[in-house]
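These are my notebook entries on one protein model. I record what I looked up, in the order in which I looked it up.

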Amino acid sequence: MVRATDPKTVADLLERIGFAARAALNDGRVFVDGRRISDPSFALRAGNTLALYRGPSGTSTPVTIIEERNGIILALKPASLPTEPDRRGYWSLRRAVSELVGCDESELHADSRLDFGVSGVVLLARGSAARHHLVWLRRQGKLVRRYFAIGGGQPRELRGTWMTEAAGDHRISKARYQVVAAVNRASQEAAVLLSIEPLTGRTHQLRIQAQAAGCPLYGDRAHGGSTRVTLNDGSVVEVRRVALHCQSVVLPDAHGSEWRVEAPVPLDLCALWEQLGGSSDAWRRAAEARFEGTHGSE
């Protein structure tokens, strides 16, 4: 809270409390009363709320473009980077991809927006034609995504369909899931490796559904997931990201042929699964899991 005796500009106040004002403003991490501020001379009044957010560690994590065809880009997002700019600043997957392909950031549209803390394949469209094509593919049910997740606890059924109602608009979120492997842990909840295919694309959908099914995802503090794992030897492991990874995307290319793009499982998720007592072979089985029925069109 800004006091009457504080400096009268954003830059001066940030400098007084020990922050590099220019870098924070350029990064887009400074907010006054919820509004992002980039002008160092922005005038403050007593009673304003000044917030400075920590930047994403993903600025030092390389972003990889896996493949591009006809304006459709599939990129590998690290967990430490948001898909779109957020309160952590302007740096995001979309900005990183725009620099890699040499286009203005405004030309890119992220068709899938993985949460901060979630890794994997993200679809982006370069230009309006590619964007409209992706919208058409989604409506036709021709975009198929496969996720891997590690949950604490175990669903009642080993496979099935999760259905939850989205808050506020009463739309139903759907996803097919399979428990690929489970590890029973002494005096703690079981750990499960899940293979999941969302049939709809609601915000935080899979994380909310996993929580509702009794297996909140490790690292997902917002939805009841454990952020600390006690190993059999008594040591404690901190889970610093959401244990959710978009492993593959399948869609038709411009000629109607299947276009499949896969992302390797991050080393930190592999390590977490093994620390929980899981077998490395479970990842292969998660990729090979098959779901009955046709894919959704939403």
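Which residue of strand 3 does Val30 stand opposite? I looked this up in the model, which is predicted, and found that the residue facing Val30 in strand 3 is Leu52.

**Entry: the sheet around strand 1.** I next followed strand 1, residues 30–32, and counted three bridges between strand 1 and strand 3, with the two running antiparallel. I then traced the whole sheet: it is open, has three strands in the order 2-1-3, and its pairing is antiparallel. Strand 2 (35–36) and strand 3 (50–52) are the edge strands; each has a single partner strand, so one side of each has no neighbour in the sheet.

**Entry: strand 7 and its partners.** I turned to strand 7, residues 119–126, and asked how many of its eight residues are buried. I found seven, and I noted the strand as mostly covered. I then listed pairings of strand 7. Strand 5 (residues 72–77) pairs with strand 7 over six bridges in the antiparallel sense, and I noted Leu124 of strand 7 as the bridge partner of Ile73. Strand 6 (residues 108–110) is also antiparallel to strand 7, over three bridges; here His109 stands opposite Ala125 of strand 7. With strand 14, I found two bridges and a parallel run. For Ser119, the bridge partner in strand 14 is His245.

**Entry: helix 5.** Which residues of helix 5 (residues 205–212) are buried? I recorded Gln205, Leu206, Arg207, Gln209 and Ala210. I then looked for what covers these buried residues, and the cover includes strand 8 (144–152), strand 9 (159–165), strand 10 (172–183), strand 11 (191–198) and strand 14 (244–252). After helix 5 comes Gly214, with a positive phi near 90°.

**Entry: the protein as a whole.** I counted seven helices and 15 strands. The radius of gyration is 21 Å, close to the 19 Å that the globule rule gives for 298 residues, so the protein is as compact as a globular protein of that length. Along the principal axes, I found that the C-alpha atoms fill a box of roughly 65 × 55 × 35 Å. I noted that 51% of the 298 residues count as buried. Of the contacts with a separation of 6 or more, 60% come from residues 24 or more positions apart.

**Entry: surface and charge.** Lastly, I compared the mean positions of the 39 positive and 33 negative charges, which are 3 Å apart.

Key:
Residues are numbered from 1 along each chain as its sequence is written. This is a predicted model: local features need pLDDT of at least 70, side-chain atom pairs count only at pLDDT 80 or more; totals for chains, interfaces and linings use all residues. Side-chain values use heavy atoms; hydrogens and water are left out. Helices (H or I, at least four residues) and strands (E, at least two) are DSSP runs, numbered from the N terminus. The radius of gyration is taken over C-alpha atoms; the globule rule is 2.2 Å times the number of residues to the power 0.38. Buried means under 20% relative accessible area, exposed over 50%, partly exposed in between (1.4 Å probe, protein chains only). Contact means heavy atoms within 4.5 Å. Lys and Arg count as positive and Asp and Glu as negative; His and the chain ends are not counted. The place of a charge is taken as NZ of Lys, CZ of Arg, CG of Asp or CD of Glu. Two strands pair if DSSP finds at least two bridges between them.
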